Each structure stands twice: as structure tokens, then as C-alpha cells.
Amino acid sequence: MHDHGVDDKYVSEISVDPGPGGTVAVYLVETATDEDTRSLRKLFDELKPHINVAQLSRGRLVSYAVQTQDPTILDELERVLKSNYAFVVMQRSFDPVIYRVVKELCADTGSKLLSIPHCNICGRPDPFPDTVITLADDNGEQMMSRCYCSTCTASLMDRTNKDFVLSLLSADRHDFGSLDRSKLVRSRARSHYLRYKIRSSAG
Ligand SMILES: [Zn+2]
């Protein structure tokens with residue numbers, strides 16, 4: 001067994017899903033009352049059908065990362081926040097620097113930093129990973145999900161999709177045993193962008 005309890009012998013399916021892509025923005029808002037917190041949550045909840053929302057912190061410092069195909073929403077959101085709250089910081093991208101600012105402000109204000117995905121290759125925090133790989137067993141039951149940032153995804157984009165999937169897994173910090181040397185067989189999937197069945201390399 002490996003550290004996360006996934007034994008590659010039982011992985012029988014690998015699915016690959018690209019993130020939706022789009023412009024990312026981060027909003028940091030200082031709240032003064034519970035009412036502030038509630039109306040902020042309502043605002044971002046209402047946006048969820050139109051944009052991807054990842055909450056980064058809660059408490060006095062409420063922060064969100066959002067991703068959208070329609071950047072005009074980001075300006076509108078900034079306008080609404082700035083007209084309702086005294087302290088609003090907005091950045092038109094997510095990077096380790098803004099994440100460190102969120103962390104520090106959380107510590108200063110006693111707010112809670114919420115967990116977000118980190119790239120399983122370089123370790124960089126990324127609320128909207130570029131690629132997500134899901135490992136499933138014989139019954140299609142999900143065993144583990146791995147995510148990769150845009151930089152790592154781009155650096156491993158390979159000649160074929162199969163090579164790409166295997167290079168991600170072999171660059172992953174997790175030891176997948178012989179899984180990254182398995183033979184992958186393309187399988188039909190309506191639910192995923194790409195799906196492969198694993199044929200044992202020994203067989
Ligand atoms: Zn990465």
C-alpha cells in the first residue's frame with residue numbers, strides 16, 4: 001500500500017478531465033458583521049451557475065477565487081463589492097503571492113483558511129486545476145483524484161493523450177508503483193473527456 005492507500009494493482013480505470021478554463025480573479029473582503037458574511041455568501045452562491053467559485057477563507061476575511069469565460073462579470077463583481085464593503089482587494093489572476101496574502105490576512109484576523117487543490121506535481125496551490133485525473137477500481141468506484149496546474153500540464157503535453165496521462169502520473173509526487181508504465185486502452189466515456197482501461201503490463 002502507498003501513502004494514500006491506493007494500491008495500483010486495483011486501479012483499473014483512469015479518467016482525464018480538463019478544467020473549464022477562463023479568466024481567474026481573486027476577491028478579498030473584510031466583513032464587519034454576520035450580516036456582511038451572509039450577504040457575501042448569497043452573492044457568490046447566486047453566481048455559481050455562471051462562474052466557478054472556490055472559497056479561500058471565511059471569518060472576518062472572506063475570500064473567493066472565481067473563474068469565468070465572461071470577464072465582464074469580474075468587473076461587475078468588483079463594482080458591487082467595492083460599493084458595499086470598506087476593504088476589498090481584487091486581483092485578476094491567482095498566484096502563490098496572492099495566496100500568501102490571503103494566508104497572512106487570515107492569521108492577522110483570526111479567519112479560517114479553507115483547503116483548495118494543490119498541484120500534485122509542483123505543489124502550487126490552484127483553485128482551478130488545468131487537468132484532473134481520476135483513478136477508479138473495477139466497479140468504477142473513484143479511488144483517488146489528482147490535479148495538475150497549467151504550468152505542469154503544459155510542460156507535459158505530449159504527442160499522444162496516452163503519453164500525456166502517463167507522464168503526469170510519473171511526474172506526480174505520489175508513487176504509483178508500476179501504474180505509470182501500464183498499458184492504457186482507450187475506453188468510451190460520455191462523462192469524461194478521456195477515459196482509459198488499464199491492461200496489466202505483466203500480462
Ligand atoms: Zn504544477
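## Contacts and overall make-up

Of the contacts in the protein chain between residues at least 6 apart in sequence, 64% join residues at least 24 apart. Two residues are in contact if their C-beta atoms, placed from the backbone, lie within 7 Å. The model is predicted: local features need pLDDT of at least 70, side-chain atom pairs count only at pLDDT 80 or more, and totals for chains, interfaces and linings use all residues. Residues are numbered from 1 along each chain as its sequence is written.

The protein chain has 5 helices and 10 strands. These are DSSP runs numbered from the N terminus (helices: H or I, at least four residues; strands: E, at least two).

## Nonpolar cores

Of the 203 residues in the protein chain, 28% are buried, with 20 or more other C-beta atoms within 10 Å of their own. A nonpolar core is a set of buried Ala, Val, Leu, Ile, Met, Phe, Trp, Tyr and Cys residues joined through C-beta atoms within 7 Å.

The largest nonpolar core has 22 residues, and A25 and V102 are among those with the most contacts inside it. Strand 2 (23–30), strand 4 (61–68), helix 2 (72–84) and helix 3 (96–109) each give two or more residues to this core. Strand 2 supplies the largest share, 6 residues. A second, separate core of 19 residues includes C119 and Y196.

## Strand pairing

Strand 1 (residues 13–18) runs antiparallel to strand 7 (residues 131–136), joined by 6 bridges; strands pair if DSSP finds at least two bridges between them. V16 has I133 as its bridge partner in strand 7.

Strand 7 also pairs with strand 8 (residues 142–148), in the antiparallel sense. The two form a hairpin with 5 residues between them, and G140 in the turn has a positive phi of about 80°.

Methods
A residue is buried if 20 or more other C-beta atoms lie within 10 Å of its own, exposed if 12 or fewer, and partly exposed in between; C-beta atoms are placed from the backbone.
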